[in-house]
Amino acid sequence: MCYCVYLGADADLSIVASDDEEPVFSVQPLAASDVAVVPNFTKKNIYHLGSWQGCSYGFANDIDFEDAELVAKNASSVNALLSFIDSALSQEEKVELYTCWAGNQWQPPKERRSASLDAIQYCGFELEEDIFLIFTRP
């Protein structure tokens, strides 16, 4: 099963194709299998975010920290994700992020939280399952 991360924004955000040779980060419009996630958002545009693994699992910090290559790949994906959120926040006040497992997109989040991109960049990024984050511009 794949992990999914979605970002909602009112602005039209850039689509980012995954590089097949060196995947790090991608932004795609919702596929038909993802549309069940729409009711969880208040924003008009919702995007599926992919990591170096293709799915969103490469954003998670549930990795073997002894494997330097794996740590570096995850860090690259997380940095690209945070940069993308920062770019989206330059276009609007708030963006929304939702995490879930594939097949569970229809479920409402367990918790909704406000999040500061500055705090995440300072304290570290942790991707929790079934959490809905509202990022606001600093």
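Start by selecting cysteine 55 and cysteine 2: the sulfur of cysteine 55 is 4.0 Å from the sulfur of cysteine 2, its closest cysteine sulfur, and that is too far for a bond. A disulfide is a pair of cysteine sulfur atoms within 2.5 Å. Cysteine 55 has 15% relative accessibility and so counts as buried; buried means under 20% relative accessible area, exposed over 50%, and partly exposed in between, with a 1.4 Å probe and protein chains only.

The model is predicted, so local features need pLDDT of at least 70 and side-chain atom pairs count only at pLDDT 80 or more, while totals for chains, interfaces and linings use all residues. Residues are numbered from 1 along each chain as its sequence is written, and side-chain values use heavy atoms, with hydrogens and water left out.

**The whole chain**

Read from the N terminus, the order is β-β-β-α-β-β-α-β. Of the 138 residues, 43% are buried. The chain exposes about 7,300 Å², of which carbon and sulfur atoms supply 50%; accessible areas come from the Shrake-Rupley method with a 1.4 Å probe, and for residues only the protein chains shown count as cover.

**The sheet**

Select the six strands. They form an open sheet in the order E2-E3-E1-E4-E6-E5, with mixed pairing. Two strands pair if DSSP finds at least two bridges between them. At the edges are strand E2 (26-29) and strand E5 (111-116), each pairing on one side only. On average, neighbouring strands of this sheet are turned by 30 degrees against each other, direction ignored. Axes here are lines fitted to C-alpha atoms, for helices over the stretch in contact, and angles run from 0 to 180 degrees between N-to-C directions.

Select residues 3-9, which are strand E1. Which of its residues are buried? Seven of its seven residues are. Tyr3, Val5, Leu7 and Ala9 point one way, and Cys4, Tyr6 and Gly8 point the other way. In a regular strand the side chains alternate between the two faces of the sheet.

On one pairing, E1 and E4 run antiparallel over six bridges. Show cysteine 4, which stands opposite cysteine 100 in E4. Are these two sulfurs bonded or too far apart for a bond? The sulfur of cysteine 4 is 5.0 Å from that of cysteine 100, its closest cysteine sulfur, so the gap is too far for a bond. Cysteine 4 is buried, with a relative accessible area of 4%. A search of the whole structure finds zero disulfides.

E1 also joins E3 through five bridges, and these two strands run antiparallel. Valine 5 has leucine 49 as its bridge partner in E3, and leucine 7 stands opposite tyrosine 47.

**Strand E3, then E2**

Move to residues 45-50, strand E3. Six of the six residues of E3 are buried, so this strand is largely enclosed by the rest of the structure. Asn45, Tyr47 and Leu49 lie on one side, with Ile46, His48 and Gly50 on the other. E3 pairs with E2 in the antiparallel sense over four bridges; there, valine 27 stands opposite leucine 49.

**Strands E4 and E6**

Select residues 94-101 and 131-136. These are E4 and E6, an antiparallel pair with five bridges. Lysine 94 stands opposite threonine 136 in E6.

**Helix H1**

Select residues 68-89. This is helix H1, which lies across E1, E2, E3, E4 and E6 and runs at about 145 degrees to E4. Serine 77 is in this helix; its relative accessibility is 0%, so it counts as buried. Leaving out residues up to four places away in sequence, serine 77 touches Val24, Phe25, Ser51, Trp52, Gly58 and Phe59. Contact means heavy atoms within 4.5 Å.

**The cores**

Finally, show the nonpolar side chains. A nonpolar core is a set of buried Ala, Val, Leu, Ile, Met, Phe, Trp, Tyr and Cys residues joined through side-chain atoms within 4.5 Å. The largest has 26 residues, and those with the most contacts inside it are Leu7, Leu13, Leu49, Ile85, Val95, Leu97 and Phe135. H1 gives the most to this core, with seven residues. Apart from it lies another core of eight residues, including Val37, Phe41, Ile46 and Cys100.
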